[in-house]
Amino acid sequence: MPQGTLQVVLVSAKGLENTDFLCNMDPYVLLTCRTQEQKSSVASGKGSEPEWNEDFVFNISEGVSELKLKIMDSDNGSQDDFVGEVTIPLVPVFEEGHLPPSAYNVVKDENYCGEIKIGLSFTPEEHQSRDFQVEESFGGWKQSTYTD
């Protein structure tokens, strides 16, 4: 797996299940890439059609193969409600370098419950050249003055 920087553009969501009965929900997204977690702003009162248009950056290291998004509803005075989640495989963006904003299905208990639009870009880390060439100017055992 490559190493580098993953840029995530959280655009919007639609068709989400409104978890608030009396008013529109206040959705936000938890983005998790292995041990790194970031949180979007709360789209106050935006209900099931929120827009964020926010950028997030993750450092990608060996073994990272997916990005998880968990959509939550911010509730004052009680625990936030789980709306749904998405797992996005990262291999296509590693290969392409850039994926335009696309819709991904949001699921809850294996049931479709809306979609979220995400754009992805990956910038590989520049690796130092691993071609070790013998440079005679550094000297070596051949030029050693050591004798028994």
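Within the largest nonpolar core of this predicted model, which comprises 32 residues, Leu-90, Ile-116 and Leu-120 touch the most other members; such a core is a set of buried Ala, Val, Leu, Ile, Met, Phe, Trp, Tyr and Cys residues joined through side-chain atoms within 4.5 Å, and buried denotes under 20% relative accessible area (1.4 Å probe, protein chains only). Two or more residues are given to this core by each of β1, β2 (27–33), β4 (51–60), β5 (66–73), β6 (81–89), α1 (91–96), β7 (98–108) and β8 (111–124), with β8 providing the largest share, 5 residues. Helices (H or I, at least four residues) and strands (E, at least two) are DSSP runs numbered from the N terminus. Residues are numbered from 1 along each chain as its sequence is written. Local features need pLDDT of at least 70, side-chain atom pairs count only at pLDDT 80 or more, totals for chains, interfaces and linings use all residues, and side-chain values use heavy atoms, without hydrogens or water.

Beyond its neighbours within four places in sequence, Leu-90 is in contact (heavy atoms within 4.5 Å) with residues including Leu-6, Cys-33, Ile-60 and Leu-120.

Asp-73, in strand β5, is buried yet has no salt bridge, the nearest side chain of opposite charge, Lys-108, being 9.5 Å away; a salt bridge requires a side-chain nitrogen of Lys or Arg within 4 Å of a carboxyl oxygen of Asp or Glu. A polar atom of the Asp-73 side chain lies 2.8 Å from the backbone nitrogen of Asp-26.

Conventions
Buried means under 20% relative accessible area, exposed over 50%, partly exposed in between (1.4 Å probe, protein chains only). Lys and Arg count as positive and Asp and Glu as negative; His and the chain ends are not counted. A polar contact is a pair of N or O atoms within 3.5 Å; within protein, one must be able to donate a hydrogen and the other to accept it, and residues adjacent in sequence count only if both atoms are side-chain atoms.
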